Amino acid sequence: MQSAASQRLQTFDQAFVDSVIAERTGRPGALLGILQKVQEHQPAQYLPTEVLEYIAAKTATPLSRIYGVVTFYALFSLAPQGKNSVCICRGTACHTRGSRDLLEQAMMRLGLQQDQDGETESLSVTTPDGLTTLRTVACFGQCALAPVVEVNHTIFGHMNERSLQKALETLDLGGPLS
Ligand code: FES
């Protein structure tokens, strides 16, 4: 008999998740590896609640621990992602070297609005066309390169307005940025 989590997973690639769990279980860092592979397999590159529940049940891991991992590591997302990703570090080293200005520049270039409170410290927002997700992280662990920006999984250090513009021009938006 199928569990409730399993039954809710019918629209998801359950066979793939099962194969990843079987392949990774018992290895060092198994949970991280499982979550990473499953997210990569998702068309919108994220981890829906029902998938996390399924992984928790199948691996006998507390759901709270899985959420702890997913929310700790910047590479995981709980919401659908655009095919392009831009991630701007808002840690102290990057902040003191101008990351707020870079974030505001990226938001403007992508046509994204700040929320009403102007909150930009913790952000994950996708453009209305679904093409690009802009996120912030607390630290990339590359503080010597501050300010640091990641564009489509490539890390760029010592960023400034001009180099950020160049990096944003590499995004696949179906046309040039204005
Ligand atoms: S604060 Fe930005 S990389 Fe550490």
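**Figure 1. Residue make-up of the largest pocket in the predicted model.** The lining of the largest pocket is made up of 7 nonpolar, 9 polar and 4 charged residues, and the structure shown here and in the following views is a predicted model. The space inside the largest pocket amounts to about 490 Å³. Its lining comprises 20 residues, and those closest to the centre are A74, L75, R135, E150 and H153. Two or more lining residues come from each of α3 (30–41) and β1 (84–89), with α3 giving the most, namely 3 residues. Because domain 1 (4–72) and domain 2 (84–168) both give residues to this lining, the largest pocket lies between them.

**Figure 2. The second largest pocket and its lining.** This pocket has a volume of about 350 Å³, and among its 17 lining residues T71, A74, F76, R135 and T136 lie nearest the centre. The elements that give two or more residues to the lining of the second largest pocket are α5 (63–72) and β3 (132–137). By residue class, the lining of the second largest pocket divides into 10 nonpolar, 5 polar and 2 charged, and at least three residues are drawn from each of domain 1 (4–72) and domain 2 (84–168).

**Figure 3. The salt bridge between K58 and D18.** The closest N and O atoms of K58 and D18 are 3.6 Å apart. Since K58 lies in helix α4 (residues 49–59) and D18 in helix α2 (residues 14–24), the pair ties together parts that are 40 residues apart in sequence. K58 is partly exposed at 45% relative accessibility, and D18 is likewise partly exposed, at 24%.

**Figure 4. Salt bridges around K37 and E23.** The side chains of K37 and E23 meet in a salt bridge with an N to O distance of 3.6 Å, and this pair, with K37 in helix α3 and E23 in helix α2, links distant parts of the chain that are 14 residues apart. K37 is partly exposed at 29% relative accessibility, while E23 is partly exposed at 36%. A network of salt bridges links E23, R24 and K37.

Figure 5. E104 and R100 both lie in helix α7 (residues 99–110), 4 residues apart, which is about one turn of the helix, and their side chains meet in a salt bridge of 3.7 Å, N to O. E104 is partly exposed with a relative accessibility of 34%, and R100 is partly exposed with a relative accessible area of 28%.

**Figure 6. The cysteines C94 and C139.** C94 is buried, with a relative accessible area of 3%, whereas C139 is partly exposed, with a relative accessible area of 44%. The count of disulfides in the model is 0.

Terms used. Residues are numbered from 1 along each chain as its sequence is written. This is a predicted model: local features need pLDDT of at least 70, side-chain atom pairs count only at pLDDT 80 or more; totals for chains, interfaces and linings use all residues. Side-chain values use heavy atoms; hydrogens and water are left out. On a 1 Å grid over the protein atoms alone, a cavity is a set of points where a 1.4 Å probe fits but cannot get out, and a pocket is an open set with protein on both sides within 12 Å along at least five of seven lines; lining residues have an atom within 4 Å of a point. Grid points are joined across faces, edges and corners, and a volume is the space filled by probe spheres set on the points. Ala, Val, Leu, Ile, Met, Phe, Trp, Tyr, Cys and Pro count as nonpolar, Asp, Glu, Lys and Arg as charged, and the others, Gly among them, as polar. Domain bounds come from an automatic or database domain assignment. A disulfide is a pair of cysteine sulfur atoms within 2.5 Å. Buried means under 20% relative accessible area, exposed over 50%, partly exposed in between (1.4 Å probe, protein chains only). A salt bridge is a side-chain nitrogen of Lys or Arg within 4 Å of a carboxyl oxygen of Asp or Glu.
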